Amino acid sequence: MDTTFDSKQFRGALSAFATGITVVTSRSADGKDFGLTATSFNSVSLDPPMVLWSLDCKSSNAAAFEQVDAFAVHILAAGQEHICKQFSTRGIDRFAGLDLTRGHGDVPVIQGCTAVFECRIAHRYQGGDHVIMVGEVLSFSTAPSDPLVFYRGKISGPFCTAEPEPELLRA
Ligand SMILES: Cc1cc2nc3c(=O)[nH]c(=O)nc-3n(C[C@H](O)[C@H](O)[C@H](O)COP(=O)(O)O)c2cc1C
């Protein structure tokens, strides 16, 4: 597609939208855990409960995500910067040193996050050079920890959620 603007400048403008930081994990049929850091997460629907994130088609995880029907989205908490880095670094064991449990579909669930959404993949949509992954939320958990916030290409903060609305913490 012809555009009249520079893609780096486009990325820069997109980075003005402050987001949280997530790690999305899954597990292949032959028992390999995989996952990546993603800031493209967002909510979609309350009924049915749905969320989305988008996956770069060039990701080393792209083929693996085509083969599975479940993922877990972890909203990282303050103090989990190392997990953000670990899941965006190539050529390492991204799960090394993490406290894990198993969720739906045996998907690895990282402990200590602000929230975790365990999902069944409901839809995949091609969106340019990304695949939009829409998950139906099967279960979730949340904790009153401070978040990691990503803004203008950097982890910003600290952001304090000392007094979250109590009804927003009920799982
Ligand atoms: C802060 C941050 C946000 C990212 N968000 C996304 C995203 O939403 N979708 C995506 O496919 N990759 C995203 N990435 C890139 C992946 O985490 C990963 O670094 C990249 O895909 C290279 O590794 P891979 O080829 O093994 O996936 C993000 C990376 C960082 C550091």
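Colleague: Which strands each supply at least two residues of the shell around the ligand?

Modeller: This is a predicted model, in which local features need pLDDT of at least 70 and side-chain atom pairs count only at pLDDT 80 or more, while totals for chains, interfaces and linings use all residues. Residues are numbered from 1 along each chain as its sequence is written. Strands here are DSSP runs of E with at least two residues, and helices are runs of H or I with at least four, both numbered from the N terminus. On that basis, the strands that each supply at least two residues of the shell are β3 (33–38) and β5 (50–56).

Colleague: How many residues does β5, which gives the most to the shell around the ligand, contribute?

Modeller: A residue is near a molecule or strand if its C-beta atom, placed from the backbone, lies within 6 Å of it. There are 17 residues around the ligand, and Ala38, Ser40, Asp56, Ser59 and Ser88 come nearest. The contribution of β5 to this shell is 4 residues.

Colleague: How many residues of the shell around the ligand are charged?

Modeller: Ala, Val, Leu, Ile, Met, Phe, Trp, Tyr, Cys and Pro count as nonpolar, Asp, Glu, Lys and Arg as charged, and the others, Gly among them, as polar. The shell divides into 7 nonpolar and 8 polar residues, and its charged residues number 2.

Colleague: How many bridges does β9 form with β10?

Modeller: Two strands pair if DSSP finds at least two bridges between them. Strand β9 (residues 115–127) runs antiparallel to β6 (residues 70–75), to which 6 bridges join it, and in β9 the partner of His74 is Val116. With β10 (residues 130–142), β9 also pairs in the antiparallel sense, Cys119 standing opposite Val137, and the number of bridges between β9 and β10 is 12.

Colleague: Which residue does a cis peptide bond join to Asp47?

Modeller: Most peptide bonds are trans. Here omega is about 5°, and the residue concerned lies in the loop between β4 (42–45) and β5. The residue joined to Asp47 by the cis bond is Pro48.
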